[in-house]
Amino acid sequence: MGNPLETESRLPMLLACLLLCLGLAAAVLGAARAAGSGPAAAAGPYVDLRRVPPAPAGPAPGPGASTGTVTVECGRNGEGHWNEDNLVVSPGVRAGAHHTHAYVGNLSTDALSTDASLAAAATSCTGGDRSSYYWPVLRRTDRPGSGPHEGAAGHGNAGEILREASVRVEFRGSPVSAVVAMPRFLRAITGDALAYTAGGGAGVRARWGCSGLPDRSTTAYPRCPEGELVTRTLVFPSCWNGLDTASPDHRSHLLSPSPGGVCPQGTFPVPELRVSLAYAVAPGVPLALDSFPEQRHSPLTDHAMFVNVMTDERMAEIVACLNEGRTCRT
């Protein structure tokens with residue numbers, strides 16, 4: 001039988017150890033909650049879109065609005081135009097994107113493209129639009145990739161590339177005024193490839209959805225009902241500074257309007273580009289957007305790039321269609 005005095009002397013030590021363990025557990029839990037309070041955690045990896053409420057309607061067009069739409073037929077990358085380049089952000093740098101981009105439009109676009117080479121290249125778009133439209137590929141990670149670029153990107157971007165079931169390239173006007181022409185060779189980017197680690201979500205632009213629920217969207221990967229397509233909608237900024245086709249930060253020459261559609265002071269409304277992508281994905285298939293390693297394939301990091309290689313005449317036709325409130329297709 002033990003000494004009662006020894007037992008009593010151990011009690012304070014046992015209580016101290018217990019309190020220390022509880023404190024450590026609380027600290028770990030608090031850190032986990034803090035890490036999960038950012039936009040990436042708030043979005044979650046997957047969301048059942050049927051549980052997402054419909055989005056509020058956009059601003060009603062004013063009396064001077066440009067209400068037309070122009071759809072440019074550019075196919076859905078049947079040519080398999082992929083690479084790890086980014087002409088807008090990393091011109092001249094091979095594999096500068098560190099992940100794979102898919103393209104429609106200009107069939108020559110890569111890191112070494114120039115204005116002259118783009119203007120002389122073939123295109124997948126009808127009507128002679130040689131513009132370049134591109135975005136990071138979407139993969140299913142339950143199947144190992146065996147084709148081109150399905151393992152070449154590295155940086156944790158692996159798996160079967162999901163081919164787009166449809167690609168819609170559309171230009172819209174402004175809800176508050178007429179639009180002016182984009183300059184030829186304008187560079188543009190939408191979204192934030194660093195959104196997962198940036199916090200705040202200010203640069204998040206892409207919306208994910210389901211083809212059968214067009215009034216609902218999310219910044220997470222959507223779970224769609226059987227038979228519906230997974231969608232991505234990427235809306236580009238549409239307020240140009242009137243001077244530059246590019247800028248050192250790739251953004252300050254072309255800004256987004258306010259929620260009401262008003263452009264920031266010193267900028268002018270140009271046609272708003274929307275790229276809408278759709279994928280045939282069975283419910284439950286794991287998805288991964290190509291990304292930088294530290295971004296962990298977060299859907300928040302979705303982004304897209306555009307280089308305007310339309311002729312001035314073609315751009316003038318688009319502006320006229322938008323300002324006159326017509327529905328046009330090229």
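User: In what pattern do the disulfides of the protein chain follow one another?
Analyst: With bonded cysteines counted along the chain, the pattern is 1-2, 3-4, 5-6, 7-8. A disulfide here is a pair of cysteine sulfur atoms within 2.5 Å. Please note that this is a predicted model, in which local features need pLDDT of at least 70, side-chain atom pairs count only at pLDDT 80 or more, and totals for chains, interfaces and linings use all residues. Residues are numbered from 1 along each chain as its sequence is written, and side-chain values use heavy atoms, with hydrogens and water left out.

User: How many disulfides does the structure hold?
Analyst: The structure holds 4 disulfides. One of them joins Cys74 to Cys125, with an S to S distance of 2.0 Å.

User: Which parts of the chain does the pair of Cys74 and Cys125 link?
Analyst: The pair links distant parts of the chain, 51 residues apart. Cys74 is in the loop between strand S2 (69–72) and strand S3 (82–83), and Cys125 is in the loop between helix H3 (115–120) and strand S5 (132–136). Helices (H or I, at least four residues) and strands (E, at least two) are DSSP runs, numbered from the N terminus.

User: Is that link right-handed or left-handed? And are the cysteines buried or exposed?
Analyst: The link of Cys74 and Cys125 is right-handed, with 100° about the S-S bond. Both Cys74 and Cys125 are buried. Buried means under 20% relative accessible area, exposed over 50%, and partly exposed in between (1.4 Å probe, protein chains only).

User: What about Cys239 and Cys263?
Analyst: Cys239 and Cys263 are joined by a disulfide with an S to S distance of 2.1 Å. This disulfide is left-handed, because the torsion about its S-S bond is about -80°. The pair links distant parts of the chain: Cys239 lies in strand S13 (residues 239–240), and Cys263 lies 24 residues apart from it in the loop between strand S14 (254–255) and strand S15 (268–269). Cys239 is buried at 0% relative accessibility, and Cys263 is buried at 18%.

User: How far apart are the sulfur atoms of Cys321 and Cys328?
Analyst: The sulfur atoms of Cys321 and Cys328 are 2.0 Å apart. Their link is right-handed, with 105° about the S-S bond. Cys321 is buried, with a relative accessible area of 1%, and Cys328 is buried at 17%.

User: Changing topic: how many salt bridges does the count come to?
Analyst: The count comes to 15 salt bridges. A salt bridge is a side-chain nitrogen of Lys or Arg within 4 Å of a carboxyl oxygen of Asp or Glu. Among them is Glu170 with Arg172, whose closest N and O atoms are 3.0 Å apart. Glu170 counts as buried at 7% relative accessibility, whereas Arg172 is partly exposed at 32%.

User: Which residue does Glu317 bridge to?
Analyst: Glu317 forms a salt bridge with Arg314, with the closest N and O atoms 3.2 Å apart. The two are separated by about one helical turn, because they are 3 residues apart in helix H5 (residues 312–323). Glu317 is partly exposed, with a relative accessible area of 45%. Elsewhere, salt bridges that share partners join Asp85, Arg94 and Asp110 into one network.

User: And the aromatics: how many pairs does a search of the whole structure find?
Analyst: The search finds 6 aromatic pairs. Rings of Phe, Tyr and Trp (its six-membered ring) pair if their centres lie within 6.5 Å; planes under 30 degrees apart count as stacked, over 60 as edge-to-face and the rest as tilted. Tyr103 and Tyr134 are stacked, because their ring centres are 4.7 Å apart and their planes are at 25°. Tyr103 lies in strand S4 (residues 101–105) and Tyr134 in strand S5, so the pair ties together parts that are 31 residues apart in sequence. Tyr103 is buried at 1% relative accessible area, and Tyr134 at 0%.

User: Why is the pair of Phe171 and Phe306 edge-to-face?
Analyst: The pair is edge-to-face because the planes of Phe171 and Phe306 are at 65°, with the ring centres 6.3 Å apart. Phe171 is in strand S8 (residues 166–172) and Phe306 in strand S18 (residues 303–307), so the pair ties together parts 135 residues apart in sequence. Tyr133, Phe171, Phe236 and Phe306 form one aromatic cluster.
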